[in-house]
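Student: I have a new structure to read. Can we go through its pairs and its pocket together?

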Amino acid sequence: MDKVSSSAVEAVADVPDGASLAVGGFGLSGVPEVLIRALHEGGTTGLSVVSNNCGVDGRGLGVLLAAGRIARVTGSYVGENKEFARQYLSGELEVELVPQGTLAERLRAGGAGIPAFYTPAGVGTQVARGGLPWRYASDGTVAVASPPKETRDFHGRPYVLEHGITTDFALVRAWRGDRHGNLVFRKASANFNPLAAMAGRITVAEVEKLVEPGELSPDEVHLPGVFVQRVVELTAAQAADKQIEKRTVRF
């Protein structure tokens, strides 16, 4: 029952080349930075990543992206990473853009064992019709385009079929966690982290504060330990290392 790993490097050591990976976080908020850097240190490559966005240059998933370790990204926002844009437009990176709410529900559905669901998001657009450029060729033409999706009317309104997402591994960050893997997320870390954790077959959680079993009230647990296989306790310095993409000063 004790799921605590001795280090982040140990916790991700068995992630193989070509693995699929769900990663929590929104922008740079609640991103499992320590686990991402441990994965980078291990040299794993050819990853298929599912995450709201791909970090920024030099932070978050941007670390793996700059090293050429990511082959495919499924996400909903890519506007803060110049290297991401360069790789995508040059044909080095395959990208599946998904409406943000749909991405969240695809992760939740996968984690709940639901293979697919219907949603009105994307009806009447290329999300449903297909043709979105997933990968470009080196000459700028579209090498791989999104396929059309099944649509169906319910009560006179059209809906598009979306599939649940499961991944080989998931990396998440929590505020508090116990040795059994029960997690509590605080403020912005309660974004895509619980959903990514549910979707991973093997979920690794870095926690800012590790507590003993029984210290967390069942009422405050956001994600039960059944979804988490490994826990990494952060140092005080690692827990305090938090950044945002843009700082706005108001006078």
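This is a predicted model: local features need pLDDT of at least 70, side-chain atom pairs count only at pLDDT 80 or more; totals for chains, interfaces and linings use all residues.

Tutor: Residues are numbered from 1 along each chain as its sequence is written, and side-chain values use heavy atoms, with hydrogens and water left out.

Student: How many salt bridges does a search of the whole structure find?

Tutor: Side chains of opposite charge can pair when their charged atoms come close. A salt bridge here is a side-chain nitrogen of Lys or Arg within 4 Å of a carboxyl oxygen of Asp or Glu. Searching the whole structure gives a total of 19.

Student: With which residue does Glu33 form a salt bridge?

Tutor: Helices (H or I, at least four residues) and strands (E, at least two) are DSSP runs, numbered from the N terminus. The closest N and O atoms are 3.1 Å apart, and the partner is Arg37.

Student: Is Glu33 buried or exposed?

Tutor: Buried means under 20% relative accessible area, exposed over 50%, and partly exposed in between (1.4 Å probe, protein chains only). Glu33 has 7% relative accessibility, so Glu33 counts as buried.

Student: Which residue meets Glu96 in a salt bridge?

Tutor: The N to O distance is 3.2 Å, and the partner is Arg72. Glu96 lies in strand S4 (residues 94-97) and Arg72 in strand S3 (residues 70-75), so the pair ties together parts 24 residues apart in sequence. Both residues are buried. The partner asked for is Arg72.

Student: What is the volume of the largest pocket?

Tutor: On a 1 Å grid over the protein atoms alone, a pocket is an open set of points where a 1.4 Å probe fits, with protein on both sides within 12 Å along at least five of seven lines. Grid points are joined across faces, edges and corners, and a volume is the space filled by probe spheres set on the points. For the largest pocket, that comes to about 310 Å³.

Student: How many residues line the largest pocket?

Tutor: Lining residues have an atom within 4 Å of a point. Ser29, Gly30, Arg173, Glu208 and Lys242 lie nearest the centre. Lys242 and Glu208 also meet in a salt bridge (3.2 Å, N to O). The lining residues number 17.
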